[in-house]
Amino acid sequence: MNSEHHQDYPHGIMFHRFYAPNIPKYHGALNAEELEALILKIGVNRILDPKEWLLRLANNTLEKYHVCLTFDDCLKSQILVAVPVLKKYNLSAFFFVHSLTFFNDMDLNEVFSNIISTKFSNIMNFMAEFEPYLKLDNSIFTDDQYLEFRDPMKKTYSFYSESDLKYRYLRNKYFTTIKFNDHMKKFFTEKKFMDDIDPKKIWMNESDLLNLVDSNNIIGLHSYSHHINFENLSYDEQLIEYKKNISHLENISGYKITSASHPLGSYNSDTLKVLKSLGIECAFRSSNTIPATSDIINPNELELARVDVCDIIKQR
């Protein structure tokens with residue numbers, strides 16, 4: 001790991017996937033020992049529980065050294081690997097939850113990541129097969145449109161490899177979400193990889209969410225369907241996404257939801273209006289670079305910075 005984790009502004013630490021002997025290792029995933037070492041390196045005394053974070057945010061008393069722990073995407077590995085470590089150190093965290101997987105649907109982005117991680121040695125080897133399958137003209141990865149996508153992404157997420165960036169370009173920009181998902185499903189179905197997907201092993205269930213609430217964690221919004229390009233949705237579409245999400249989570253938790261994280265870091269001014277209309281008091285981005293619409297790292301309570309754990313450990 002790198003030297004001590006220090007930033008001169010309060011921020012969240014963003015986690016997604018974890019691994020264990022019976023849980024596959026994704027890109028950027030931690031095991032229990034690595035999470036524990038990271039918590040100790042950050043310093044337990046710097047980590048605020050979510051309730052204190054929200055109180056200090058409201059009172060404008062967050063200090064520059066304060067951090068909180070945040071977990072996105074309601075992944076089962078967080079329950080199995082991360083939560084026992086949090087309990088060991090009497091820590092609690094924000095868990096940002098999308099809803100579609102609780103209603104017999106699948107977040108295909110996570111499914112594809114699962115397959116790439118378990119069926120290919122790395123994303124470079126996956127892309128070496130997937131690009132020829134698509135019969136793409138390789139010049140798309142040298143033209144201005146790609147470079148305009150790649151360069152800011154590389155600056156924001158320095159741990160992404162060139163293959164990561166190409167994959168995200170195809171997923172986020174080059175194809176529509178429907179078209180990209182169709183290509184991926186067809187590619188993986190032909191290889192019979194889709195047959196191995198077990199949603200119960202990938203995502204939390206309602207009992208997991210209740211256990212998180214009972215353990216002093218806070219669950220928050222992450223949209224209903226975890227759309228890849230949330231900022232491209234209309235105001236009304238975004239409102240529907242978050243109203244369905246908040247209804248689901250409040251019915252389970254029994255309390256008013258007041259926090260959120262922007263799915264895949266994608267949001268716009270409409271998103272901020274939607275969240276305010278729903279009573280959201282705190283929302284996190286997925287990066288720690290200054291937003292294009294601001295000149296400070298934390299412009300307001302709905303655009304708070306997070307540092308991706310991959311940036312801390314520089315795991316590739």
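Leaving out neighbours up to four places away in sequence, V81 is in contact (heavy atoms within 4.5 Å) with F18, Y19, A20, I23, L30, N31 and A32. This is a predicted model, in which local features need pLDDT of at least 70, side-chain atom pairs count only at pLDDT 80 or more, and totals for chains, interfaces and linings use all residues. Residues are numbered from 1 along each chain as its sequence is written, and side-chain values use heavy atoms, with hydrogens and water left out.

- V81 is part of helix α3; helices (H or I, at least four residues) and strands (E, at least two) are DSSP runs, numbered from the N terminus.
- With a relative accessible area of 7%, V81 is buried; buried means under 20% relative accessible area, exposed over 50% and partly exposed in between, with a 1.4 Å probe and protein chains only.
- V81 and L35 are separated by 46 residues in sequence and by 9.0 Å in space, C-alpha to C-alpha.

**The chain as a whole**

- The chain contains 13 helices and 7 strands.
- Its radius of gyration is 19 Å, close to the 20 Å that the globule rule gives for 316 residues, so the chain is as compact as a globular protein of that length. The radius is taken over C-alpha atoms, and the rule is 2.2 Å times the number of residues to the power 0.38.
- The C-alpha trace spans about 55 × 45 × 40 Å along its principal axes.
- Of the 316 residues in the chain, 55% are buried.
- Among contacts between residues at least 6 apart in sequence, 70% join residues at least 24 apart.
- The accessible surface of the chain is about 14,500 Å², and 49% of this belongs to carbon and sulfur atoms. Accessible areas come from the Shrake-Rupley method with a 1.4 Å probe; for residues, only the protein chains shown count as cover.

**The second largest pocket**

- The second largest pocket has a volume of about 400 Å³. On a 1 Å grid over the protein atoms alone, a pocket is an open set of points where a 1.4 Å probe fits, with protein on both sides within 12 Å along at least five of seven lines; lining residues have an atom within 4 Å of a point. Grid points are joined across faces, edges and corners, and a volume is the space filled by probe spheres set on the points.
- The lining of this pocket comprises 21 residues, and I23, P24, N114, K201 and I202 lie nearest the centre.
- Helices α3 (76-88), α4 (108-119) and α9 (199-202) each supply at least two residues of the lining, and α4 gives the most, with 5 residues.
- The lining divides into 10 nonpolar, 4 polar and 7 charged residues. Ala, Val, Leu, Ile, Met, Phe, Trp, Tyr, Cys and Pro count as nonpolar, Asp, Glu, Lys and Arg as charged, and the others, Gly among them, as polar.

**Residues with positive phi**

- Most residues other than glycine have a negative phi.
- N90, in the loop between α3 and β3 (94-97), has a positive phi near 55°.
- N90 counts as exposed because its relative accessibility is 72%.
- S223 is not a glycine, yet its phi is positive, at about 80°; S223 lies in the loop between β4 (218-221) and α11 (235-253).
- S223 counts as buried because its relative accessibility is 0%.

**Two further loop residues**

- H27 belongs to the loop between β1 (11-15) and α1 (32-42) and counts as partly exposed, at 34% relative accessibility.
- H27 and A305 lie 278 residues apart in sequence and 22 Å apart in space, C-alpha to C-alpha.
- Y160 occupies the loop between α6 (144-156) and α7 (162-174) and counts as buried, at 13% relative accessibility.
- Apart from residues up to four places away in sequence, Y160 touches M153, L165 and R168.
- Y160 and N300 are separated by 140 residues in sequence and by 27 Å in space, C-alpha to C-alpha.
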